[in-house]
Amino acid sequence: MSDPRPSGVLTSPAASSAPASSPTAPGTDLRVLFRSQVSVEELKAVLMPFEAQIAGHGSAQADGQHAFLKHKDGKLLKPFQKPPKGTREVAFYRGVQASDEPDDVAIRAWIPRFHGTENIGQVDGLTSGEQFLVLDDVLEGLSSPNIMDIKIGRQTWGPDAPVAKRDHEDRKYPGTKAPLGFSVLGIIIHRIKDGHAQGESIKYDRTFGTSLKTEDVQTIPKVYFDVDNTGLVPALVEVVVSQMKALLAVFERQRKYLIYASSILFAYDAEVVRQYLVDQDRARLARGVNLKLIDFAHVFPSEGQPDENFVSGLKNLIGVFESFLPEESRLPPVKSD
Ligand SMILES: O=P(O)(O)O[C@@H]1[C@@H](OP(=O)(O)O)[C@H](OP(=O)(O)O)[C@H](O)[C@H](OP(=O)(O)O)[C@H]1OP(=O)(O)O
Ligand SMILES: Nc1ncnc2c1ncn2[C@@H]1O[C@H](COP(=O)(O)OP(=O)(O)O)[C@@H](O)[C@H]1O
């Protein structure tokens with residue numbers, strides 16, 4: 001991947017959603033950092049490439065340009081997509097975070113915390129900046145994160161999409177998108193070997209998901225939980241399934257949004273699984289699993305309708321994971337009211 005680190009900084013208070021009196025100490029808060037003119041070297045000392053970006057614009061499996069960045073303080077910088085996608089995504093994060101409506105409060109628990117936007121650009125007198133969303137990193141605190149990005153929905157385009165985009169999207173991931181309503185964009189795992197979680201990672205790029213046949217969908221949990229190497233750990237699958245069911249319950253209830261082309265980002269800590277295999281501490285195992293919904297470039301008002309496209313895709317995905325569990329460990333179905 002080419003080095004996506006910026007070559008300079010553009011201060012842009014107008015683009016930031018942070019209050020003018022950001023309370024964090026200088027040097028630890030992005031808004032403080034970007035308001036003062038800092039050198040390229042200072043900037044490179046606090047911003048790093050984000051190696052765990054599976055999919056999306058700027059990922060290694062796309063063009064590697066305009067990629068996510070990781071700040072030393074743990075936050076992620078996601079490049080702002082061209083309008084209307086970037087503006088829609090920012091409006092969604094702001095709306096959900098500012099609202100007291102029950103649907104928003106429920107959804108808030110399932111999306112990364114949003115910390116406003118920032119601009120980074122050239123310091124050359126005539127600046128041209130790149131705008132970023134500042135987000136919590138779903139992988140924060142996981143020492144050997146095993147991650148998977150699954151886009152939910154048979155329809156992955158919004159009502160504003162031209163016919164060519166609809167057709168192009170509808171043809172992708174043929175084994176899962178049309179028949180089941182989800183697409184595996186990629187997986188990264190850290191293998192547990194000789195009693196420890198390895199630093200080296202194994203990556204499955206989008207060709208895993210695009211070439212997956214409908215009859216082979218059980219390969220998804222098999223690969224993600226590295227079953228050929230670790231064996232099946234039913235407690236781990238149970239925690240993941242119970243989080244998926246809790247997310248499903250929120251989406252069966254909510255009547256505010258139609259969310260197209262968003263993904264569930266699955267994350268668990270292979271190191272925590274290794275410890276679980278030694279001491280069977282289920283509470284710590286559960287704390288080592290984190291599922292969040294990401295990518296809100298195609299969110300539209302639902303005007304009182306349920307988001308059937310999202311709900312049916314997620315139900316099918318839960319079915320795939322559940323049927324991977326031994327019969328006796330399957331969880332009861334979620335009640336929608
Ligand atoms: O080729 P495109 O133009 O449809 O690019 C897709 C992106 O659309 P955009 O260019 O932003 O309108 C598209 O972005 P959106 O979902 O439209 O935001 C995805 O990144 C898609 O990749 P995948 O389906 O997630 O594997 C991208 O698809 P691939 O590049 O993987 O085909
Ligand atoms: N909050 C986050 N925490 C950790 N990783 C993330 C987060 N948001 C996105 N990612 C990573 O970045 C990739 C692309 O994210 P996404 O929001 O889908 O970008 P795009 O809008 O360019 O498609 C995901 O596949 C995931 O690996």
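Me: Between which domains does ligand 2 lie?
Reply: In this predicted model, the shell around ligand 2 takes residues from two domains. Because both contribute, ligand 2 lies between domain 1 (20–136) and domain 2 (145–329).

Me: Of the 19 residues around ligand 2, which come nearest?
Reply: The shell divides into ten nonpolar, four polar and five charged residues. Of its 19 residues, those that come nearest are Ile54, His57, Lys78, Val138 and Asp149.

Me: How much of ligand 2 does the protein bury?
Reply: Oxygen atoms of ligand 2 lie 2.8 Å from a backbone N or O atom of Ile54 and 2.7 Å from a polar side-chain atom of Lys78. Taken alone, ligand 2 exposes 550 Å². Of that area the protein buries 97%.

Me: What part of His57 lies 2.9 Å from an oxygen atom of ligand 1?
Reply: His57 is in the shell of ligand 1 and is also among the residues nearest ligand 2. Towards ligand 2, a polar backbone atom of His57 is 2.8 Å from an oxygen atom. Towards ligand 1, the atom at 2.9 Å is a polar side-chain atom.

Me: How much of the accessible area of ligand 1 does the protein cover?
Reply: A polar side-chain atom of Arg206 lies 2.9 Å from an oxygen atom of ligand 1. On its own, ligand 1 has 600 Å² of accessible area. The protein covers 68%.

Me: Which helix gives the most to the shell around ligand 1?
Reply: That shell divides into three nonpolar, three polar and six charged residues. With three residues, the one that gives the most is helix H5 (residues 163–171).

Terms used: Residues are numbered from 1 along each chain as its sequence is written. Chains are lettered from A and ligands numbered from 1 in the order in which they are written. This is a predicted model: local features need pLDDT of at least 70, side-chain atom pairs count only at pLDDT 80 or more; totals for chains, interfaces and linings use all residues. Side-chain values use heavy atoms; hydrogens and water are left out. A residue is near a molecule or strand if one of its heavy atoms lies within 4 Å of it. A polar contact is a pair of N or O atoms within 3.5 Å; within protein, one must be able to donate a hydrogen and the other to accept it, and residues adjacent in sequence count only if both atoms are side-chain atoms. Accessible areas come from the Shrake-Rupley method with a 1.4 Å probe; for residues, only the protein chains shown count as cover. Ala, Val, Leu, Ile, Met, Phe, Trp, Tyr, Cys and Pro count as nonpolar, Asp, Glu, Lys and Arg as charged, and the others, Gly among them, as polar. Domain bounds come from an automatic or database domain assignment. Helices (H or I, at least four residues) and strands (E, at least two) are DSSP runs, numbered from the N terminus.
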